[in-house]
Amino acid sequence: MHPLYTAVFEPGFFASPQVHIAAVLGGVVAIVSAVTGVFTVMRGQSFGGHALSDVSAAGGSAALLIGLSPVAGFVGLGIAGAAVMDMIGVRRLRGRDLATGIVLGTAIGLTALFLYLTTTSGATTGAVQQILFGSIFTTSSGTIPAVAILGVVALGSIATVGRPLLLSTVSPDIAAARGVPVRLVGLIYMLALAVSVGLSSLAVGAVLSTALLIGPAAAALRLTRRVASAIGIACLIGVIATGLGVLLAYDSYYWGSSHLGLPVSFFIVAVIFVTYLASGLPAAWARARNREAAAPPLTPPRTARSQHERRGPGGERGSTA
Amino acid sequence: MRQQSEAAAVLGVDQVSVALSGRQILDDVSFTIGAGEFTGLIGPNGAGKTTLLRVILGLQRSGRGTVTVLGRPRSLRNQAIGYVPQKVLLDPDMPIRARDLVALGADGHRYGIRLPSAERGEAVRQMLHAVDAERFADARVGNLSGGEQQRVLIAQALISRPRLLLLDEPLANLDLRSSQEIISLLARISREQQIAVLLSAHEINPLLPVMDRVVYLAAGRAASGPTAEVITSEVLSRLYGYRVDVLHVAGRVLVVAGDAADERAAADERAAAALPAAGAG
């Protein structure tokens, strides 16, 4: 075997059943997170997404405590949290932030309680690690069907309400005037978000699921002008980051002599972070080029809207003001 | 209320009253708009313009009164009405091009995944052409100027081929030139495609050259009719409930609150203005 190949894929990578489970789980989670994440970023609900991950952490830790499957706890309580947040906060924008903050705080408190009870009862040693930082390598293969079904349900919901959701994101007034049930469409999206966050909490942990939700989507939105391509790019980034994270975590066992496998969540998030930084480069480059090009012939001054300073990537030069 | 010309009316608002949390927002408002008419909905801030438009759209319940569109009771999701709301906050980070927003005007209320359609693409192209927005069709809407965004929003509203176009303060936050351009664009569309336009504004002067009729709202009450008949000291004073003077200066209209010091001059002015006017309301 080629030495480079063995350097990249340490022995047994493709044969390992844990890697198989991680690949399937990571793939599903990455795609569902990326699709819902694009809408989350556009709707400015990253904070809500993060709060839902804390709610699902409370659910996951409660499930551990009473001996249920963590995936049921993560997703179940996440859905309940989404419904509560929708009920108490959706009517006003400021109310939304407050409701989110209150739900988030309560959820972290409950997680602390449940994890304390679980660890002191001595049943599970790795509970804190599992809930907060995920269990992509240690999840049993029995949960895969449930994960796949939930993923399909979330993606199906988003696909169904996609256009009305987009229209009500752009302008709730226009959407309502066209007969879109804005409130219901928003609730369906929130439920899909709860499922998505619950699944990624299972895989990469409640603390890091926000990174998987927001990171690929935010990077994709900087790279394209179309929603459809943003969704495609976000999926690609998410899947690559997850795959690369799994590979690096597996390999890290062979790094040095201590044989300490490093956590996969760290690698996934690290890859996403680097991708996000890199996604800003095309825009920065286009800005630099525009400045050069604009210097000699005096262009008419743009109106002083601050948005113009924050131009998107890929040179929207067609938009002469 | 009005005569049987209502059969031809695109919009009939009849004795509409709205009270929100105990406050009377609209009080017995009635008017009609005929096909292709350009109507200005004029009034100071807080007069109830947005509420009235929302009642017409079915987004706001009216306590009393009826709204008819093309002779039939107004129903939600009425394809006959196009709507450009006030303050659409288009984020520059949103990956939506001008042409995508117009396409959403055509099928944004539909469920399921959108399939590619040459027909829709052609309709979008036509609308962008109609509002002279082809130049920036592929730019992110959030990066466009206020006037450019208004054009795109108008195209978005027109693509469902409405008979009535409602615009809520489309000239707010536009510089003078952009607002002139938007007005003449709307006047042209209204004339060429026989689309009735109801446009709310707090400033009447930019609309004077194109307006067929005016609906003047003050303190929740409305007076409507041809501009010259409505914009008089007499009609507006009755509407406001206190003395108001209408001054004509260099072809423009100024509506000013009556002042004790101006009592005599204003009375003369009013007497002069009231002579030719028949008075509407």
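Begin in chain B of this predicted model by selecting strand β4 (residues 64-69) together with β5(B), which pair in the antiparallel sense over two bridges. Within that pair, pick out B:T68, which stands opposite B:P73 in β5(B).

Now extend the selection to the whole sheet, an open one of four strands with the order β2-β1-β4-β5 in chain B and antiparallel pairing. At its edges are β2 (23-34) and β5 (72-73) of chain B, and since each has a single partner strand, one side of each is left without a neighbour in the sheet.

The next stop is another sheet of chain B, for which the strands to select are β6-β7-β8-β3-β9-β10, given here in their order across an open sheet of six strands with mixed pairing.

Zoom in on β6(B) and strand β7 (residues 164-167) of chain B, which pair in the parallel sense over four bridges; here B:Y83 has B:L166 in β7(B) as its bridge partner. Helix α1 (residues 49-57) of chain B packs on this sheet, touching β3 (38-42), β6, β7, β8 (196-201) and β9 (213-218) of chain B, with its direction at about 145° to that of β7(B). Then select helix α5 (residues 176-193) of chain B, which lies across β3 and β8 of chain B and runs at about 155° to β8(B).

Move to chain A and select helix α3 (residues 46-66), whose 21 residues should span 30 Å at 1.5 Å a residue; the end C-alpha atoms are 31 Å apart, which agrees with that expectation. The helix α3(A) is mostly covered, as 18 of its 21 residues are buried. Step one position beyond α3(A) to reach A:G67, the residue that follows the helix and has a positive phi, near 80°.

Finally, display both chains and select the contacts between them, where 33 residues of chain B are in contact with 37 residues of chain A. On the side of chain B that touches chain A, the largest share, four residues, comes from helix α2 (residues 98-107) of chain B. Colouring that side of chain B by residue class separates 17 nonpolar, six polar and 10 charged residues.

Technical notes:
Residues numbered from 1 in each chain as written. Chains lettered and ligands numbered in written order. Predicted model: local features only at pLDDT ≥ 70, side-chain atom pairs only at ≥ 80, totals over all residues. Pairing = 2+ DSSP bridges. Contact = placed C-beta atoms within 7 Å. Axes fitted to C-alpha atoms, helices over the stretch in contact; angles between N-to-C directions. Expected span 1.5 Å × (residues − 1). Buried ≥ 20, exposed ≤ 12 C-beta atoms within 10 Å, placed from the backbone. Nonpolar A, V, L, I, M, F, W, Y, C, P; charged D, E, K, R; others polar.
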